[in-house]
Amino acid sequence: MTPPPASSAGPGLLLDVFPGLFPGGGIGRYVRDLADLLLTRADAPPARFVYPRFVDGIQVPYPAERLRPLPLGWRRMRVLLVASALCGLRPDRLYGCPALVHSPMGYGPLFSKAKLLITIHDLNAIHHPEWHPLRTRFLVQATMPSAARHADLVVCDSEFVRGQVMEAFGVDPARITTVPLAVGPAFRRLPPGAARDHMARRFGIEGEFFLHVGTLEPRKNHVGLVAAFERVRRAGFPGPLVLVGHDGWLMNPIAARIESSPDSGAIVRIRDADEDDLVALYSACTAFAFPSLDEGFGLPPLEAMACGAPCISSNRSSLPEVVGDAAVSLDPGDVEAWAETLRGLWRDADRRATMAAASVARAQRFTRDRWIARMLEIYRVLLAGAS
């Protein structure tokens, strides 16, 4: 499709792309997907992309005519966001007086005239501050409640988070909607031979293995997964546990647990996996394990299921909405249940095949076209109501 033109005046829509300028992370991918649809869809509204200009090493992969860099670094940007929420600062002019601003991290800021659309992916920095660094806790707790109460519309990835936002912030149900995330078109099951060849060539991994994808951070429950894996190894499982994801925050205890494991030699870290790598990993794994303690959606299990992986998922937060009956859902704190389920899947190829078929069917409910249509509809409605 022909990309929509960008206006030389103030944009109709301004998207904060800062979270998408760094590799990894589900929110970063969400922002990159939004930018892509605004750049490539002929039916997308005119839009520009905003970000704090003075950040070391930042790469901005978008056309210069689409950019609205702010004359701030990230530290001053945090001050602006907090001042907007707590002190009444309204930076319309700094942002170029747009009609609509989309804050995909849910921080704001608030505006005098521009409409505000925010996405709230989860509330775990508010409900579980112990999982986050102090500066993250402070920023979220200072900005998100105000942004949610003042936004013209709040988008959540799941009904679970929508309910949390209404309860925690008192947001009118009419101003909050759920738009489930979508699995990308590249996530399709590879033929077994092609997947195994990719794994051997890229990572030197052959044979069976269990897989987890997610940043190393406390809520992902890597410690519990390692404990379950050790039990399966004692039962004779010959392959590794493959952990795909960048180093996160508060991860030292997680790294120490991995290093001290008697099976540390069978735990493989992959920090940089591109989309082709992920498709091969999902397609080749014996089972995908996702014992997260809290999720706003849970995109890795959905991607795994789209590639036909037998999936074991936590039964908490939003995850039952995503995996439905296609996965085995377990209490993330029950290490023995996780170990027993992993053992059972390893030993039962027929069950793995049945689950693989159910996984693919479940993932087909979360299409990219449906997500794009909903986001474009939201943009159109809010822009139509802008003064």
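1. A residue is called buried when its relative accessible area is under 20%, exposed when over 50%, and partly exposed in between (1.4 Å probe, protein chains only). Val-82 is therefore buried, at 14% relative accessibility.

2. This is a predicted model, in which local features need pLDDT of at least 70, side-chain atom pairs count only at pLDDT 80 or more, and totals for chains, interfaces and linings use all residues. Residues are numbered from 1 along each chain as its sequence is written, and side-chain values use heavy atoms, with hydrogens and water left out.

3. Val-82 belongs to helix 2 (residues 74-87); helices (H or I, at least four residues) and strands (E, at least two) are DSSP runs, numbered from the N terminus. Beyond its neighbours within four places in sequence, Val-82 is in contact (heavy atoms within 4.5 Å) with Cys-87, Phe-138, Leu-139, Ala-142 and Thr-143. The C-alpha atoms of Val-82 and Thr-143 are 5.8 Å apart, although 61 residues separate the two along the chain.

4. The whole structure holds 11 aromatic pairs. Rings of Phe, Tyr and Trp (its six-membered ring) pair if their centres lie within 6.5 Å; planes under 30 degrees apart count as stacked, over 60 as edge-to-face and the rest as tilted. Tyr-30 and Trp-371 are edge-to-face, because their centres are 6.0 Å apart and their planes stand at 65 degrees. Tyr-30 lies in helix 1 (residues 26-40) and Trp-371 in helix 14 (residues 368-384), so this pair ties together parts 341 residues apart in sequence. Tyr-30 is buried at 4%, and Trp-371 is buried at 5% relative accessibility.
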